[in-house]
Amino acid sequence: MATSEMTIEVGGHAVRVTSADRAVYPATGTTKADVVAYYRAIADTMLPHVRDRALTRKRWPDGVGEDGDGATFFQKDLGGAAPDWVRTERIQHRDHVNAYPLANEEATLVWLGQISALELHVPQWRFGDDGTQLAPDRLVFDLDPGEGVTLEQCAQIAFRIRRALRAEGLDPVPATSGGKGIHVYAPLDGSRTSDEASALAKELARRLETDRPDEVTSAMKRSERGGRVFIDWSQNNASKTTVAPYSLRGRRRPTVAAPRTWHELASPHLRQLEYPEVLRRVANRGDPLAAA
């Protein structure tokens, strides 16, 4: 039984981590303490990509399980057990208001590790200093390979998206999602609304689908995705989120949504990365998304 506790002093805050020796990822023996250590180590690299964004957490209180099928749930509202120093912003939904935490400092990442919030999901827009929702500062495409489609085939579609985005004057950066597919990000200058960004993403996805109907689909129906890459453009909607760059994933093994270079994406050996590999490559190569 996991019983160890520790208190981490970070950024002027004391964060109590319980059951630190619990195997959150049993297949690799990765403990809650390891998860917290990862988020501390990646904080300087990750925080610029999540700062001031409404944070939805996907939590695995008892770990991901031997086969990656452990009990999980999404949490949007801050809830009553969060430290009082975690910054929040409020969003009015149709019939309720949620107070969303913002991952703006390392201590917040440590707290998220403590509550086994392995996956951190954020929108493509930020809050302004006055709490208003700003225009999106990035565009995202989520490329999800259908049954029988390889990651290499998914990468080929990512290159087609790069060409389409460059034709629009945008400079995209890819990321292996830590799941099955690939994300493609492109920075925006704030002149487009979320609706306009969504419309652009939808137009480009539909164009690629028309050009390569045997390889690409933009249809939301799962029954239409077999043998093709699904281009999910809808995550540019202001109400939607995408797993954040450098977030862990709640899979059988501790993979990460890892920004990559286009050179890496062209490799026939392309694969998803686990967190120790991500820490090493950031230390040696930096963050491919930093200049975006």
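**Exercise 1. Find the order of the strands in the open sheet, and state which strands stand at its edges.**

Step 1. In this predicted model, six strands form an open sheet with mixed pairing, in the order β13-β14-β10-β12-β11-β17. Strands here are DSSP runs of E with at least two residues, and helices are runs of H or I with at least four residues, both numbered from the N terminus. Two strands pair if DSSP finds at least two bridges between them.

Step 2. β13 and β17 (258-259) each have a single partner strand and stand at the edges, so one side of each lacks a neighbour in the sheet.

Step 3. β13 (residues 216-217) pairs with β14 in the parallel sense over two bridges, and Val216 stands opposite Val229 in β14.

Step 4. β10 (residues 138-145) pairs with β14 in the antiparallel sense over four bridges, with Asp144 opposite Phe230. β10 is also joined to β12 (residues 182-187) by six bridges, running antiparallel; here Asp142 stands opposite His183.

Residues are numbered from 1 along each chain as its sequence is written. Local features need pLDDT of at least 70, side-chain atom pairs count only at pLDDT 80 or more, totals for chains, interfaces and linings use all residues, and side-chain values use heavy atoms, with hydrogens and water left out.

**Exercise 2. Describe how helix α1 packs against helix α3.**

Step 1. The axes of α1 (residues 32-41) and α3 (residues 106-114) come within 9 Å and cross at roughly 160°. Axes are lines fitted to C-alpha atoms over the stretch in contact, with angles from 0 to 180 degrees between N-to-C directions.

Step 2. This makes α1 roughly antiparallel to α3, a term for angles over 145 degrees.

Step 3. Lys32, Val35, Val36, Tyr39 and Arg40 in α1 meet Glu106, Leu109, Val110, Gly113 and Gln114 in α3, where contact means heavy atoms within 4.5 Å.

Definitions and conventions: Angles under 35 degrees count as roughly parallel, over 145 as roughly antiparallel, 65 to 115 as roughly perpendicular and the rest as oblique.
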